[in-house]
Amino acid sequence: MGDLLLEGFNKIADAKRIVIKVGTSTLTYANGKLNLRRIESLVKVLADIKNSGKEVLLVTSGAIGVGAAHLGLTERPRDMGGKQAAAAVGQCELMYIYDKHFSEHGHVTAQVLLTRDVIDDDNRKTNVINTIHRLLEYGAVPIVNENDTVSFEEIEFGDNDTLSAVVAVLSGADALIILTDIDGVYTSDPRINSDAVFIPLVEKIDDNLRKAASGAGSSRGTGGMMTKLHAAEMASAQGISTVIMNGCDPSRLYDIFEGKPVGTLII
């Protein structure tokens, strides 16, 4: 496993185009408000990685959670209208923060909002691909989220883990890195089972691994380890390796691009 693990991380270290997905639980405190220090740290690291010559695409969650907190709601809305209204508020807040911090480091951001029906239509999908490639050509940082303000069940991706894999495939990325609130993949949920064993390398996602995955990781997000494994499967089908890692310390991304094992590598 050791040689294969190092070989996999060396390949990611050499990646030119990277999609990085950050979840709501990483971006916010338990009360739903933005963790500004972590966002500032994340943006600084991503800007520096971009300065090194890599192309970075950011898939971000958090619009609904941030919008709910900004509106003074005590909990995340459960009805569709409430979610869409919270997303409309939260998306403004998120992009303002991202643009502010990226611009401080000399980088231009671009907002890309997607729904599944756009990707399912060949012509519209081609337009998305062309737009992403042109943004990267111009040196911008595409910041992608589901368009929760207009999305409903029939056209939503359902979670941004899936969306991150879709973006990785559409953009022709070399690697997908998913930041979450635990260190990676375990044999069971380490938050409720102290006997859970960490898995540094996954060569194949099988039924046993799927059974070990749990549901939503926190009340603030929609995804869990199962959706991350599904995203990794989608990416690996197109030859894109995935790393699932803890996002509490964004500086650990530097280790990845120095070829050092961090989190779980799925090849």
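Predicted model: local features only at pLDDT ≥ 70, side-chain atom pairs only at ≥ 80, totals over all residues.
Local features need pLDDT of at least 70 and side-chain atom pairs count only at pLDDT 80 or more, while totals for chains, interfaces and linings use all residues. Residues are numbered from 1 along each chain as its sequence is written, and side-chain values use heavy atoms, with hydrogens and water left out.

**Whole protein.** Show the cartoon. There are eleven helices and ten strands; helices (H or I, at least four residues) and strands (E, at least two) are DSSP runs, numbered from the N terminus. The radius of gyration, taken over C-alpha atoms, is 17 Å, close to the 18 Å of the globule rule (2.2 Å times the number of residues to the power 0.38), so the protein is as compact as a globular protein of 267 residues. Along the principal axes, the C-alpha atoms fill a box of roughly 50 × 45 × 40 Å. Of the 267 residues, 54% count as buried; buried means under 20% relative accessible area, exposed over 50%, and partly exposed in between (1.4 Å probe, protein chains only).

**Helix α7.** Select residues 122-137. Now pick Val-128, Ile-132, Leu-135 and Leu-136, the buried residues of α7. They lie on the same side of the helix, because they cover an arc of only 100 degrees around the axis, judged by the directions from the axis to the C-beta atoms. An α-helix has 3.6 residues a turn, so residues three or four places apart point the same way.

Turn to the face away from the buried side for exposed Asp-122, Asn-123 and Glu-137.

At the N-terminal end, Asp-121 is the cap: a side-chain oxygen lies 3.2 Å from the backbone nitrogen of Asn-123. After α7 comes Gly-139, with a positive phi near 90 degrees.

**Thr-162.** Move to α8 and select Thr-162. This residue is buried, at 5% relative accessible area. Beyond neighbours within four places in sequence, Thr-162 is in contact (heavy atoms within 4.5 Å) with Arg-116, His-230, Ala-231 and Met-234.

**Cysteines.** Select Cys-92, which is exposed at 56% relative accessible area, then Cys-248, partly exposed at 46%. How many disulfides are there? The count is zero, a disulfide being a pair of cysteine sulfur atoms within 2.5 Å.

Technical notes. Expected span 1.5 Å × (residues − 1). Polar contact = N/O pair within 3.5 Å; in protein donor to acceptor, adjacent residues only side chain to side chain.
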